[in-house]
Amino acid sequence: MIMLMTRWKNISEIRTEEVPDELETSVNGLKEAEIRKRLNIHGPNEILFKRPMALLRFLKQFQSLLVYVLLMVAIFTAVIGEWIDTVVIARVVILNSTVGFIQERKASEAIEALQKFTGSESAVIRDGEKIRIPSRLLVPGDIIITGGGERSPADIRILESKNLLVDESALTEESVPVEKDSDPLTDEDIERGEFRNILFSGTLIMKERGMGAVISTGPETEPGRIAETVQKVEVKTPLLKKIDEFSRTITITVIILATLNFTAALIFGYETVFSFLTSTSLAVAPIPEGLPAVLTVTLALAVRAMAERNAIVRNLPSVETRGSVTVICSDKTGTLTRNEMTVKCIYAGGVFYEVEGTGYDQEGKIKRKGVEITENPGPLEDILTCALNFNNASVEGGASR
């Protein structure tokens, strides 16, 4: 909330008629040259998934103390000519990294595929004309017109509105719609975090229409900043912490034992090469070369099992914490549900009718006592006609508008 107070304080407090001047635009919209300029500066209005280079993602799989120990052991065995041990350890390490790399690549591709479904169009005023453009081409300063059933494609300062109700559950998890208007805010409003004159990107407009000026797009929007923060988070799971602790313990132990053995061998008069060989063998013996591969394959199988249940896990170790969840605490509508009300039963003319289908799904049937209604709907037709005429909703390609 503090971040919101800092970012939107000035634009929220000024009078509505001063907003276009503040954003260097006008109620007639931007001209083509200015649009191209701002698009080059701010980039497309889309939240991009930052995907590192393939080589960096592959090298990331080696970031484990146990893998470092195995690599040192492989180097030692190569130095002393034990090529079979060197090849075995190298294969285990490479297999471990390859499995992890492939699994994380699949998860990244799945997340990127989900982002392709966020495309939409917006009604804007540009150079005095009202047109529809892909939302990804919006720039700060665009004058946009939006209404019931649409999602705000960017962060917008409202210029005109009437009885505008907005569902902000995507950001606040509050299921009750918020009334929005164009009035400037007071310091008291801002302290309470009530940004009534701003439409945040991704929020759903429930009722009426409004016009506003785009103040931020893409990664600069509130969802964009949240996505950027989430991508930066690196959390070590309990399993990784245990593996690191085990690796440190075994590394210190084998170093001490190898050093003591080498020193003792020299004291008892053994040759230096023989002493070094036996000490290295003693160090290699306790190292569980197959542990990283077993862990990676096990986690990969768990990720696959979750993917079959439509749960995408981006990083392999994260599956451990997901699998350990026993209780999920959720706040209000839209967190686990789709926040789409669905009619399941209709009562008309003294008769109950069952309705199939969920949300905005266009597949489903209306039945009476388990039998589909195909003709002579009677009172059912009357009540459906009434419902159709008393709302402005429509369904286009499976999405509500």
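Here is a short chat about strands, sheets and side chains in this predicted model.

Visitor: Hi! Let's start with Asp-155. Which strand is Asp-155 in?
Guide: Hello! Asp-155 belongs to strand β4, which covers residues 155–161. Keep in mind that this is a predicted model.

Visitor: Is Asp-155 buried or exposed?
Guide: Asp-155 counts as buried because its relative accessibility is 0%, and the cut-off for buried is under 20%.

Visitor: And what does the side chain of Asp-155 reach?
Guide: The Asp-155 side chain comes to 2.8 Å from the backbone nitrogen of Ser-201. Asp-155 can also be set beside Val-214: their C-alpha atoms are 5.9 Å apart, with 59 residues separating the two along the chain.

Visitor: Nice. Now for Arg-126: where does Arg-126 lie?
Guide: You'll find Arg-126 in strand β1, residues 121–126.

Visitor: Why does Arg-126 count as buried?
Guide: Because its relative accessibility is 12%, and buried means under 20%.

Visitor: Which side chain joins Arg-126 in a polar contact?
Guide: That would be Asp-142; the two side chains make a polar contact of 2.7 Å. Leaving out residues up to four places away in sequence, Arg-126 touches a list of residues that includes Asn-28, Gly-29, Leu-30 and Ile-35, and also Leu-137, Leu-138 and Val-139.

Visitor: How many bridges join β1 to β2?
Guide: Six, and the two strands run antiparallel, with β2 covering residues 129–134.

Visitor: What do β1 and β2 form?
Guide: They make a hairpin with two residues between the strands. In that turn, Asp-127 has a positive phi of about 55°.

Visitor: On to sheets. What is the order of the four strands in the open sheet?
Guide: The order is β10-β11-β12-β13, with antiparallel pairing. At the edges are β10 (345–348) and β13 (371–372); each has a single partner strand, so one side of each has no neighbour in the sheet.

Visitor: Which helix packs on that sheet?
Guide: Helix α14, residues 379–389, packs there and touches β10, β11 (351–355) and β12. The direction of α14 makes about 115° with that of β10.

Visitor: How many bridges are there between β12 and β13?
Guide: Two, in the antiparallel sense, with β12 spanning residues 366–368. Lys-367 has Glu-372 in β13 as its bridge partner.

Visitor: And the open sheet of three strands, what order is that one in?
Guide: That sheet runs β6-β5-β8, with antiparallel pairing. β6 (178–180) and β8 (204–207) stand at the edges with a single partner strand each, so one side of each is left without a neighbour in the sheet. On average, neighbouring strands here are turned by 45° against each other, direction ignored.

Visitor: Which residue stands opposite Leu-204 in β8?
Guide: Asp-167 does. Strand β5, residues 164–167, is joined to β8 by three bridges, and the two run antiparallel.

Visitor: Last topic: how many aromatic pairs does the count come to?
Guide: The count comes to one aromatic pair. Tyr-347 and Phe-352 form a tilted pair, 4.7 Å centre to centre with 50° between the planes.

Visitor: Is Phe-352 buried or exposed?
Guide: Phe-352 is exposed because its relative accessible area is 52%, and exposed means over 50%.

Conventions:
Residues numbered from 1 in each chain as written. Predicted model: local features only at pLDDT ≥ 70, side-chain atom pairs only at ≥ 80, totals over all residues. Heavy atoms only, no water. Buried < 20%, exposed > 50% of the residue type's maximum accessible area, 1.4 Å probe, protein only. Polar contact = N/O pair within 3.5 Å; in protein donor to acceptor, adjacent residues only side chain to side chain. Contact = heavy atoms within 4.5 Å. Pairing = 2+ DSSP bridges. Axes fitted to C-alpha atoms, helices over the stretch in contact; angles between N-to-C directions. Phe/Tyr/Trp six-rings, centres within 6.5 Å; stacked < 30°, edge-to-face > 60°.
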